[in-house]
Amino acid sequence: MQIIYHGHSSIQIGTGGKSLVIDPFLSGNELAVTKPEDIKTDAILLTHAHMDHILDAEPIAKANDGIPVIANVELATYMSWKGLNTVGMNMGGTYDLGFATAKMIQAFHTSGIVDEERKTIIYGGEPGGYIVQAEGKTILHAGDTSLFSDMKMFGERYSIDVVLIPIGGHYTMGPEDALQAAQWYNAKLTIPVHYNSFPIIKQDAEAFVAQLEAKGLKGKVLAPGESVEI
């Protein structure tokens, strides 16, 4: 299994000749090295409705023959109005993609689409994360979130191979809370995400990984475009 980091919170999980992309945000991220038109995938998972997580879902889905876009019910409905093939689900639900399963889990954040021209905000449903399982491996993408104690429950209930945790601060938890989250998840590998894309979320990811290792946890920093095999 391969995990490719596309920058910000966007990852691509490849397994058995298939792949899925979570939160594609490439064209709006100056740190990204991959263009939306270069993404070949079989499914898209969206954690919530903020533009830095859904921006490239539409072009990628349409360029890949109408692949399914999985999201909470409200966001899935919104994306279906753009002509996409969507699957609406909610917290605790699991969707079988055929090559992997994706379980939606809670996150503590907000979720909405801001229309600057009309000065309106479209409700985007509850934010979440995903537990993706394939090839006997478990990948947890926490989504955009603050620290909350159920993270410990996830770590106790699942043997997590890789966890992707936001560390940017301001909009999500920062390194201090992310360190606690990593201890609770107790994954075999922790990868920091959601940092450095904007000045306000600039963080030292290598310092965060050093803190993980001081706690006996393995961490890895991936630059946009880099990947890891598990």
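The UniProt annotation "domain: Metallo-beta-lactamase", which comes from an unreviewed entry, covers residues 7-194; UniProt positions are given in the numbering used here, feature names are shortened, and annotations may be inferred rather than shown by experiment. This is a predicted model, in which local features need pLDDT of at least 70 and side-chain atom pairs count only at pLDDT 80 or more, while totals for chains, interfaces and linings use all residues. Residues are numbered from 1 along each chain as its sequence is written, and side-chain values use heavy atoms, with hydrogens and water left out.

Over residues 7-194 the chain is 20% helix and 32% strand. Helices (H or I, at least four residues) and strands (E, at least two) are DSSP runs, numbered from the N terminus.

Six strands make up an open sheet with mixed pairing, in the order β7-β8-β11-β12-β13-β14; two strands count as paired if DSSP finds at least two bridges between them. Strands of a sheet pair through backbone hydrogen bonds, either parallel or antiparallel. At the edges sit β7 (94-96) and β14 (189-193), each of which pairs on one side only. From one strand to the next, the twist averages 20°. Axes here are lines fitted to C-alpha atoms, for helices over the stretch in contact, and angles run from 0 to 180 degrees between N-to-C directions.

Within this sheet, β12 pairs with strand β13 (residues 162-166) in the parallel sense, over three bridges. Histidine 141 stands opposite leucine 164 in β13. Helix α4 (residues 150-157) lies across β8 (101-106), β11 (128-134) and β12, and runs at about 150° to β8. Helix α5 (residues 175-185) lies across β12, β13 and β14, running at about 160° to β13.

Threonine 138 gives a view from inside strand β12 (residues 137-141). With 6% relative accessibility, threonine 138 counts as buried; buried means under 20% relative accessible area, exposed over 50%, and partly exposed in between (1.4 Å probe, protein chains only). Its side chain makes a polar contact with the side chain of glutamine 133 at 3.0 Å. A polar contact is a pair of N or O atoms within 3.5 Å; within protein, one must be able to donate a hydrogen and the other to accept it, and residues adjacent in sequence count only if both atoms are side-chain atoms. Setting aside residues up to four places away in sequence, threonine 138 touches Ile131, Val132, Gln133, Ser159, Ile160, Asp161 and Val162, where contact means heavy atoms within 4.5 Å.

Another pairing joins strand β9 (residues 112-115) to strand β10 (residues 120-123), antiparallel and over four bridges. Valine 114 has isoleucine 121 in β10 as its bridge partner. The two strands, β9 and β10, form a hairpin with four residues between them, and lysine 119 in the turn has a positive phi of about 55°.

Now for the charged pairs. The structure holds five salt bridges, each defined as a side-chain nitrogen of Lys or Arg within 4 Å of a carboxyl oxygen of Asp or Glu. One of them joins aspartate 42 and lysine 18, with the closest N and O atoms 3.9 Å apart. This pair links distant parts of the chain, 24 residues apart: aspartate 42 is in the loop between β3 (18-22) and β4 (44-45), and lysine 18 is in strand β3. Both ends are partly exposed, aspartate 42 with a relative accessible area of 27% and lysine 18 with 40%.

Glutamate 58 and lysine 82 form another salt bridge, again with closest N and O atoms 3.9 Å apart. Glutamate 58 lies in helix α2 (residues 57-63) and lysine 82 in the loop between α3 (73-80) and β6 (86-89), so this pair ties together parts that are 24 residues apart in sequence. Glutamate 58 is partly exposed at 24% relative accessibility, and lysine 82 is partly exposed at 32%. Arginine 118 and aspartate 115 also form a salt bridge, the closest N and O atoms being 4.0 Å apart. Here arginine 118 is exposed at 67% relative accessibility, whereas aspartate 115 is partly exposed at 24%. Salt bridges with shared partners join Glu58, Lys62 and Lys82 into one network.

Finally, valine 228 lies in strand β15 (residues 227-229) and is buried, with a relative accessible area of 11%. The C-alpha atoms of valine 228 and methionine 1 are separated by 8.5 Å, though the two residues are 227 residues apart along the chain. Beyond its neighbours within four places in sequence, valine 228 is in contact with Met1, Gln2, Ile3, Leu189, Ile191, Lys220 and Leu222.
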